[in-house]
Amino acid sequence: MTRACGRLRRGAVIAVAVGTLVVPVCGGAAFGAGAPGAAPAGARQPAPSPSPSDGFRALTPEVKRQVDEAVEKVMRDANVPGVTVGMWTPGKGSHVRSFGIADKETGRPMTPDLYTRIGSETKTFTVTALLKLVDEGRIGLDDTIGEYVDGVPNGNRITLRELAGMRSGLYNYTEDPDFFEALTSDPERPFTPRELLDYAFRHPVLFQPGEKFFYCNTNLILLGLVVEQVGGRPLQDYIRENVTEPAGMDSTLLATDAAFPEPHAQGYTNQTADGKVADSTDWNPSWGWAAGAMISTLEDLRIWAPTVATGVLPDGRSLISPATQKQRLDTPPTTIPGAGYGLGIFDVQGWIGHNGSLPGYESLTIYLPSARATLVVVLNTDIGRNDTEPSTLFGDAITKIVSPQHVFDLPAQPSGR
């Protein structure tokens, strides 16, 4: 998942496993608004023009062509079956285009209207739900998790703020070998939140609360339980009623089983028991729950990018109060060069948002406040290249063109997703 709920045994911000797919990645047609395909081999590529004062270039036909060529190159280099890219910025245009295939068996093309699993982008919704409860005065960010959930190691010291900011010191359940074996041996089985916590709590704490940054899916499982307890309803219902419905995001949901709305792309992963590439489309994402089980669409993620980055709904009302949103966007440095992490959200070279990954799918939803620019990337594989997530490869290649002063370049890290 930004590594978020992504690599099962690693964790959360950059890919670690490297794999290859077995079919040409650009075999499908490209759909959506945009310039024609790549220039002839050997054609000279014009250098990007100087960046404007707001840090984002106008989406002219030439800029769109450069973006398309960069996307197609990443697809070839990383063997990505299909990807959809969307960019929007007031006064400078928009660009939405799909490339490649959604289904390797049938050759069905990737299109912009598909549902997709968004992995660790789920964290932004769970933390938003938590912050709604903070605004209502029903919880405090400096409450300890032990006040809400029993049996948490160091639970009388770890605060909700430290959980949301990835500074709890708890062990990441997705790195537990027994969990990995249980999931990959039967990827359609359901997991309960308590079962996930059991995998984490059998391990000692890694460090004392607040001592350092460590991306950890366990933190979000705990916050999901807090939201359910204080909000008085299942997490999926609380998020729908208090976050996605007010934002007008009718195609976004927290999955509680393997059901997957149509239409969607098939997903391809090598996070399997034997390391071979498999179709993970119908795997049960309950193991990600509050850390990574959500489903959305390109259009809904376009809405979410500025909403989560500003705390303001599309109609101008506040989703999160300015004071609470300010705390969310306090993004201290992490172990990732150039990246800060606040409360369930990244700041990477000025781009605010999150990436997501889980077996078969990756996504990237980010917002550049200076230009009010949104970038969304969704793709149907999580197989990395040279220890880098494919979503990061696309984010890096695209932002080098459209925002060269603000390049989204999450490098590979030893900490997992």
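In what order do the three strands of the open sheet lie, and is the pairing parallel or antiparallel? The views below, taken from a predicted model, start with that sheet.

**View 1. An open sheet is built from three strands.** The strand order is E3-E7-E4. The pairing is antiparallel. Strand E3 (115-117) and E4 are the edge strands, and each of them pairs on one side only. E4 is joined by two bridges to strand E7, residues 294-297. These two strands run antiparallel. Across this pair, Leu253 faces Ile295 in E7. In general, the strands of a sheet are held in pairs by backbone hydrogen bonds.

**View 2. Ala259 sits in the loop between strands E4 and E5.** The loop links strand E4 (253-254) to strand E5 (268-269). Ala259 has a relative accessible area of 48%. Ala259 therefore counts as partly exposed, since it falls between the 20% and 50% limits. Beyond its neighbours within four places in sequence, Ala259 is in contact with Arg117 and Ile295. Ile295 is also the residue that stands opposite Leu253. Asp282 is 23 residues away from Ala259 in sequence, with 7.4 Å between the C-alpha atoms.

**View 3. Gly169 occupies the loop between helices H3 and H4.** Helix H3 spans 160-164, and helix H4 spans 177-185. Gly169 is buried because its relative accessible area, 2%, is under 20%. Leaving out residues up to four places away in sequence, Gly169 touches Val205, Leu206 and Phe207. Gly169 and Leu206 are 37 residues apart in sequence. In space, their C-alpha atoms are 5.0 Å apart.

**View 4. Helix H4 has a capped N-terminal end and buried residues.** The cap is Asp176. One of its side-chain oxygens lies 2.9 Å from the backbone nitrogen of Asp178. Buried residues in H4 are Phe179, Phe180, Ala182, Leu183 and Thr184. Helix H5 (193-201) is included in what covers them.

**View 5. Phe394 and Ile398 have the most contacts inside the largest nonpolar core.** This core holds 112 residues. Helix H6 (residues 217-231) supplies the largest share, eight residues.

Terms used. Residues are numbered from 1 along each chain as its sequence is written. This is a predicted model: local features need pLDDT of at least 70, side-chain atom pairs count only at pLDDT 80 or more; totals for chains, interfaces and linings use all residues. Side-chain values use heavy atoms; hydrogens and water are left out. A nonpolar core is a set of buried Ala, Val, Leu, Ile, Met, Phe, Trp, Tyr and Cys residues joined through side-chain atoms within 4.5 Å. Buried means under 20% relative accessible area, exposed over 50%, partly exposed in between (1.4 Å probe, protein chains only). Helices (H or I, at least four residues) and strands (E, at least two) are DSSP runs, numbered from the N terminus. Contact means heavy atoms within 4.5 Å. Two strands pair if DSSP finds at least two bridges between them. A polar contact is a pair of N or O atoms within 3.5 Å; within protein, one must be able to donate a hydrogen and the other to accept it, and residues adjacent in sequence count only if both atoms are side-chain atoms.
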